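Open the structure in your viewer and keep the selection tool at hand. The tour goes from stop to stop.

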Amino acid sequence: MNELKRLFNSYYSLGILRMIRDMVATKLFFPSNVRMIRQPAYIIGKRHIKFGKNFSAGNMLRLEVMDKKYARHTVENVDNLPELIIGDDVTVNNNVHVGVFKKITIGDNTLIASNVLITDHNHGNYSGENQDSPYSAPKFRKVIPQEVNIGKNVWISENVCILPGTIIGDGCIIGANSVVSGKFDKNLIIAGTPAKALKKYNDEKKSWDRIS
Ligand SMILES: CC(C)(COP(=O)(O)OP(=O)(O)OC[C@H]1O[C@@H](n2cnc3c(N)ncnc32)[C@H](O)[C@@H]1OP(=O)(O)O)[C@@H](O)C(=O)NCCC(=O)NCCS
């Protein structure tokens, strides 16, 4: 019992020390409106990121906002400077990767669970004109970016992938393990691979109606 208590106390003390380290790192390296970014965190292109107030993130946060400086071989077909816009009170769990070549917006109060990918680009083009060949090295194929927009009050569950060009309306819930691509109206429960709308919030009945 005493041994258990000792173990618990040492883990707890380590937890507090880590928290202090992470608070200091957040204050030193991020704008003052950021509440907490746990370490380790990997951030590329910080100058292209707009953090809303009270942003907080678990460890292994990977934000990559790639301009020509970082992506020499692949970015020449991207005209605009990339942008990552994070709204107010956004909370992100562990191991979340956001990759931006053009623009990703994450709305206010959005909650993101662990192991989530949000990306606005593919390496190469595989539909329409000028498609890439499998005989070229993927890392040298031109990046094809399409903006991603995630609304306000969205809950993104564990292990979700959000693909280029996706638009998610306010109030949506994305089910665990979903791969999301396309445009979704507000107040939907969306799940599956590929993700489909399963339920819609009924404002009069105040309940989520199944979509048949
Ligand atoms: C999306 C979610 C919120 C839906 O909850 P719900 O509406 O109460 O779910 P229901 O049980 O009524 O499911 C409705 C249908 O959707 C299906 N479904 C639910 N979640 C699904 C998912 N993630 N992927 C695929 N199908 C799913 C159900 O199997 C059910 O199908 P059926 O009609 O054929 O039986 C929930 O299933 C979920 O995925 N939660 C995520 C949990 C999580 O990641 N937590 C981390 C904490 S941050």
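The whole structure has 0 disulfides.

A note on the source: this is a predicted model, where local features need pLDDT of at least 70, side-chain atom pairs count only at pLDDT 80 or more, and totals for chains, interfaces and linings use all residues. Residues are numbered from 1 along each chain as its sequence is written, and side-chain values use heavy atoms, without hydrogens and water.

Stay with the cysteines. Cys-161 is partly exposed, at 26% relative accessibility. Cys-172 is buried, at 0%. (Buried is under 20% relative accessible area, exposed over 50%, partly exposed in between, with a 1.4 Å probe and protein chains only.)

Next, select 1-30, which is domain 1, and then 33-202, which is domain 2. These bounds come from an automatic or database domain assignment. The C-alpha centres of the two domains lie 30 Å apart. In the contact (heavy atoms within 4.5 Å) are 10 residues from domain 1 and 9 residues from domain 2.

Now the interface. About 810 Å² is buried between the domains, 61% of it from carbon and sulfur atoms. That is accessible area (1.4 Å probe) lost on being put together, summed over both parts. Select Asp-22, Thr-26 and Phe-30: they supply 62% of the area that domain 1 buries against domain 2.

Last stop: Arg-38 and Asp-22. Their side chains form a salt bridge at 3.4 Å, N to O. The term means a side-chain nitrogen of Lys or Arg within 4 Å of a carboxyl oxygen of Asp or Glu. The count between the domains is 1 salt bridge.

Conventions: Buried area is the accessible area (1.4 Å probe) that two parts lose on being put together, summed over both. A disulfide is a pair of cysteine sulfur atoms within 2.5 Å.
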